[in-house]
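User: Hello! I am new to this structure and would like a close look at one part of it. Could you walk me through a single helix and what surrounds it?

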Amino acid sequence: GRLVSAQTLASVVGWLETGLALPEVPYPIVAKAPKTKDLLDEVHGQDEAKRALREAAQERQSVLMVGPPGCGKAMLARRAVGLMPAPTLEERLAILAAYSWAGLTGGFPDGSLPGRPFRAPYHTITDRGLLGLPSRPHSSPSGDEWGLALHGILFLEDIVEFPRRVLDRLSCHLRCQNGHVPWVIGAANT
């Protein structure tokens, strides 16, 4: 396939209708490969939590970590992205499309991706900010945290602080998205 670049919608229409030449650009998906080693090996202790994350990663099962503040829940969640395989070409394109749609590609030099996304929205986020519009399917980019975390991790720290309506919609998304879900990791303080 080819990847072409257009500066205006009119040039896209011209390309579609008349075959107007558009400049070809290299595929922006040559991602820096994520570390191949298990990033959880950097963590000393926390053996039960690391084992649970490794087992959950195999089936991409949601995880809820509970413990006192400062015990390492967020640190473990950030490193859990290393348990996921490198994104496929299709997943890289979907990640790039989501970040491009949200205007967040400035951090990716030449459009390359650093690997799978890790998103950690604060508990004051609205349900639309987390999950988008209720009627919008997540097969296309939407700019919400769910869409940005697709093919990566959505970490919900202090999950009990999220409003009930947000958690109810999140629960529905997890049940109804037919495999199009990020790996959700939640954390709560004891």
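**A close look at helix 4**

Analyst: In this predicted model, the buried residues of helix 4 pack against strand 2 (118–119) and helix 6 (145–149).

Helix 4 covers residues 89–101, 13 residues in total. From its first C-alpha to its last it reaches 18 Å, close to the 18 Å expected at 1.5 Å a residue. Which of its residues are buried? They are Glu91, Arg92, Ile95, Leu96, Ala98 and Tyr99. If you look down the axis of helix 4, these buried residues fall within an arc of 160°, so they line one face of the helix. On the other side of helix 4 you will find Leu89, Glu90 and Trp101, which are exposed. Just after the helix comes Gly103, with a positive phi of about 75°.

Glu91 meets Arg116 in a salt bridge between their side chains, at 2.8 Å from N to O. Glu91 belongs to helix 4, while Arg116 sits in the loop between helix 4 and strand 2, so the pair ties together parts that are 25 residues apart in sequence. Both Arg116 and Glu91 are buried. As a general point, side chains of opposite charge can pair when their charged atoms come close.

How many salt bridges does a search of the whole structure find? It finds eight. Another one links Arg79 with Glu42, where the closest N and O atoms are 3.1 Å apart. Arg79 lies in helix 3 (residues 73–80) and Glu42 in the loop between helix 1 and helix 2 (47–59), so this pair ties together parts that are 37 residues apart in sequence. Arg79 is partly exposed, at 23% relative accessible area, and Glu42 is partly exposed too, at 33%. Lys50 counts as buried, at 8% relative accessibility, whereas Asp47 is exposed, at 54%.

The buried residues here are Val166, Arg169, Leu170 and His173. Seen down the axis of helix 7, they fall within an arc of 105°, so they line one face of the helix. Arg164 and Arg175 are exposed on the other side of helix 7. The cover over its buried residues includes helix 5 (127–131), helix 6 and strand 3 (153–156).

Finally, here is the wider setting. The chain has seven helices and four strands, running α-α-β-α-α-β-α-α-β-α-β from the N terminus on. Of its 190 residues, 41% count as buried. Among contacts between residues at least 6 apart in sequence, 72% join residues at least 24 apart. The chain exposes about 11000 Å², with carbon and sulfur atoms supplying 54% of it.

Key. Residues numbered from 1 in each chain as written. Predicted model: local features only at pLDDT ≥ 70, side-chain atom pairs only at ≥ 80, totals over all residues. Heavy atoms only, no water. Helix = DSSP H or I, 4+ residues; strand = E, 2+ residues; numbered from the N terminus. Expected span 1.5 Å × (residues − 1). Buried < 20%, exposed > 50% of the residue type's maximum accessible area, 1.4 Å probe, protein only. Arc of directions from axis to C-beta. Contact = heavy atoms within 4.5 Å. Areas by Shrake-Rupley, 256 points an atom, 1.4 Å probe, with all protein chains shown as cover. Salt bridge = Lys/Arg side-chain N within 4 Å of Asp/Glu carboxyl O.
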